[in-house]
Amino acid sequence: MVTTLTVVGYPSCPYYQKSVSLARHIETKNSDKFRINIISKSTGEYREWVREFKATAENNHTTSPSVFIGEEKAFETFIGGNDDFHHWARSQHLKRGSCTIS
């Protein structure tokens, strides 16, 4: 079974860029297990999306990025932001290759 990792954020955010890089690396090194879905929004669109998301989910995350297991509109598990995503990747013992998961 292939799991979808979704990263939502805005491109000017350095933490979004780090999460996108990690997600792409995970997909490259673990293509039999993961595919990625990258969703880029403007800063304003992201803030509005977060408000809508918080209204339907029980979490207080407000910063960019937001990382999930599952597709947009059908998220199964909220992983968290950039730090949480890196911790999650380490906890999954994903193949690291030349990318440092720190």
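Accessible areas come from the Shrake-Rupley method with a 1.4 Å probe. In this predicted model, the accessible surface of the protein comes to about 5,900 Å². Carbon and sulfur atoms account for 46% of that surface. Of the 102 residues of the protein, 43% count as buried.

## Overall arrangement

The secondary structure consists of three helices and four strands. Along the sequence these elements follow the pattern β-α-β-α-β-β-α. Among contacts in the protein with a separation of 6 or more, 59% are made by residues 24 or more positions apart.

Strand β1 covers residues 3–9 and strand β2 covers residues 34–40. The two strands pair in the parallel sense, and seven bridges connect them. Strand β1 is mostly covered, since six of its seven residues are buried.

## Aromatic pairs

A pair of aromatic rings is described by the distance of the centres and the angle of the planes. The structure holds six aromatic pairs. One of them is formed by Tyr46 and Trp49, whose ring centres are 5.8 Å apart and whose planes meet at 25°. Planes under 30 degrees apart count as stacked, and the pair of Tyr46 and Trp49 is therefore stacked. Another stacked pair is that of Phe85 and Trp88, with 6.1 Å from centre to centre and 20° between the planes. The table sets out these two pairs.

| Pair | Centre distance | Angle of planes |
|---|---|---|
| Tyr46 and Trp49 | 5.8 Å | 25° |
| Phe85 and Trp88 | 6.1 Å | 20° |

How far apart in helix α2 are Tyr46 and Trp49? Helix α2 spans residues 43–56, and because Tyr46 and Trp49 are three residues apart in this helix, about one helical turn separates them. Phe85 and Trp88 are likewise three residues apart, about one turn of the helix, and both lie in helix α3, residues 82–91. Tyr46 and Trp49 are both buried; Phe85 and Trp88 are both buried as well.

Ring pairs also build a cluster, which links Tyr10, Tyr46, Trp49, Phe68 and Phe78.

## Helix α3

Which residues of α3 are buried? They are Asn82, Phe85, His86, Trp88 and Ala89. Around the axis these residues cover an arc of only 160°, so they lie on the same side of α3. Just after α3, His93 takes a positive phi of about 55°.

## Phe75 in strand β4

Phe75 is found in strand β4, which comprises residues 74–80. Is Phe75 buried or partly exposed? A residue counts as buried under 20% relative accessible area and as exposed over 50%. Phe75 has a relative accessible area of 22%, and therefore Phe75 is partly exposed.

Leaving aside residues up to four places away in sequence, Phe75 touches Thr6, Trp49, Phe53, Phe68, Ile69 and Gly70. Phe75 and Leu5 are 70 residues apart along the chain, and their C-alpha atoms are separated by 9.4 Å.

Key
Residues are numbered from 1 along each chain as its sequence is written. This is a predicted model: local features need pLDDT of at least 70, side-chain atom pairs count only at pLDDT 80 or more; totals for chains, interfaces and linings use all residues. Side-chain values use heavy atoms; hydrogens and water are left out. Two strands pair if DSSP finds at least two bridges between them. Rings of Phe, Tyr and Trp (its six-membered ring) pair if their centres lie within 6.5 Å; planes under 30 degrees apart count as stacked, over 60 as edge-to-face and the rest as tilted. Buried means under 20% relative accessible area, exposed over 50%, partly exposed in between (1.4 Å probe, protein chains only). Contact means heavy atoms within 4.5 Å. The arc is that of the directions from the helix axis to the C-beta atoms.
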